Amino acid sequence: MTLKDLPFALTGNRWLAPLVLLASGALQTLTFSPFEQWWFGPLSVFLILLVAIPLAPEKLFRAGWLTGLGLFGSGASWVYISISEYGNTSIPVAVLLTTLFVAGLALFHGLAFWFWGKLAKENRIRRLILFPAIWLLGDWLRGWLLTGFPWLYLGTAHTDGPLGGLAPLVGVHGITLWIVTTGAAAYGALWLARHRKWGALATTLILALIPWLLAPQLKKVAWTQISDTPTSFAAMQGNIPQQIKWDPDFLRDQIVTYLTMTNGHWDTDLILWPETAIPIPQDKAGEIIDHIGGRLGDDSTLITGIPWYGFSERLEDFTFHNSIMAIGQGEGIYHKQKLVPFGEYVPLEGMLRGLIGFFDLPMSSFSRGPEYQSPLKAGDTQIMPFICYEVAYPDFVAFNSRQSGLLLTISNDGWFGASIGPLQHLQIARMRAMETGRYMLRGTNNGVTAIINHLGEITQATPQFERVTLRGEVFVAEGSTPFMQTGSWPALTFALILVVFVRERVIPPVSASGS
């Protein structure tokens, strides 16, 4: 097989082409934690294009769906653990639901590839130029539609990769755009080499490499001003088994666990307990809250996750919120806005409640918190909190962080056991710290609890599945990164302009199946 024949061999083989697409999607999972092989990102895109570029437009939906199936089947299958082990669901039903979840997410790639085919038709050059823009728009749609699933964005892999320096400028979507552009450039270079267009080949490679060379230098830029005065910090990781989390017989023991772990740390400036560490609604937890306030030092603030129950003027009804509150020398309460389907609320509740155990999980009747909530306060420091899944939304975090000097996220990743899910979650939090130029404090039930600095580096962390207290120092930031001011709109606008420009511009009629 010659180099010239390679793309057509991949497309024409009935079994090889689907396997390459599935494997290419799975390769992207290896770019994220705990594997962190970021270079698989552009390689994956290159392999996808080898198969997809020559395909007829009507076959591109299937190609995209297979790519998504490889990505989510390998990178998000951890949802099986929450459904099977903690959702009171039989193994066959859990397998079925996980399969439907993965196959449904893969539809976003299928739709993006279908749209790509509609726009570019069979013009190879138009397809190649449009592909990065369509990929980015597909990612954005996946992070927005039906509350969104903003997970496994290729750019997240560069928390330790060479393109990480772009995060404060263009965010994760901007990094993703260039990863996909690099893969497309590699395909273009192959095509130009086959046609001996050496000048165009050199230009393509130079342009593709420029961001890879500049981005590491951008990591040295101080986008925000970090205070010289440290804030002492302690976070308690209780490692409460998920099976007893909401068992009434164990509620008191959980609170005692966190109180005991905090002994010796009550004078710390900032103390953090994880998501729903107090497993009792705040309207019934007054004695506990008062006890905590009485134990805290004069300059200390304890921030904890706690369910909130009360009357909501916005909803005009009594409701539950998944919340986080400050006690002691702090103030404020924040209600989670980005809820997890089935875990925190049940879509089509009237139809699904009672069918299987997974649709009746404890505390799965939360309501979404209001928009534009104020940060919490710890002394004079403004702290913007994010609860669990919320930290995965890049623009949401960037917008809400503008009035804060510290970022904080609490989570209960016990739902996902010893899978790769919690490690992916930690990496996502690191990317948010890089985008905003702020320390990110992470408190979890069973790991990984961590201090992440303004460069996205983990300065201290706990092991998973241990009851342990993390102590350290954190520093408040002032100022904003460019990404905090613009969000993902520059990258998205560029993608839209590219779609319009390439769609309307006369492109030389080089067919996708031609040489």
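User: In this predicted model, how many bridges join strand S5 to S7?

Analyst: Numbering starts from 1 along each chain as its sequence is written, and in this predicted model local features need pLDDT of at least 70, side-chain atom pairs count only at pLDDT 80 or more, and totals for chains, interfaces and linings use all residues. Side-chain values use heavy atoms, with hydrogens and water left out. Strands (E, at least two residues) and helices (H or I, at least four) are DSSP runs numbered from the N terminus, and two strands pair if DSSP finds at least two bridges between them. Strand S5 (residues 317–328) and S7 run antiparallel, and the bridges that join them number three.

User: Which residue in S7 stands opposite Met325?

Analyst: S7 (333–335) is an edge strand, pairing on one side only. The residue in S7 opposite Met325 is Ile333.

User: At what angle does helix H11 run to S5?

Analyst: Axes are lines fitted to C-alpha atoms, for helices over the stretch in contact (heavy atoms within 4.5 Å). Angles run from 0 to 180 degrees between N-to-C directions. Helix H11 (residues 286–295) lies across strand S4 (301–312) and S5, and its angle to S5 is about 15°.

User: Is Arg430 buried or exposed?

Analyst: Arg430 belongs to helix H14 (residues 421–436). Beyond its neighbours within four places in sequence, Arg430 contacts residues including Asp160 and Glu457. Buried means under 20% relative accessible area, exposed over 50%, and partly exposed in between (1.4 Å probe, protein chains only). Because its relative accessible area is 7%, Arg430 is buried.
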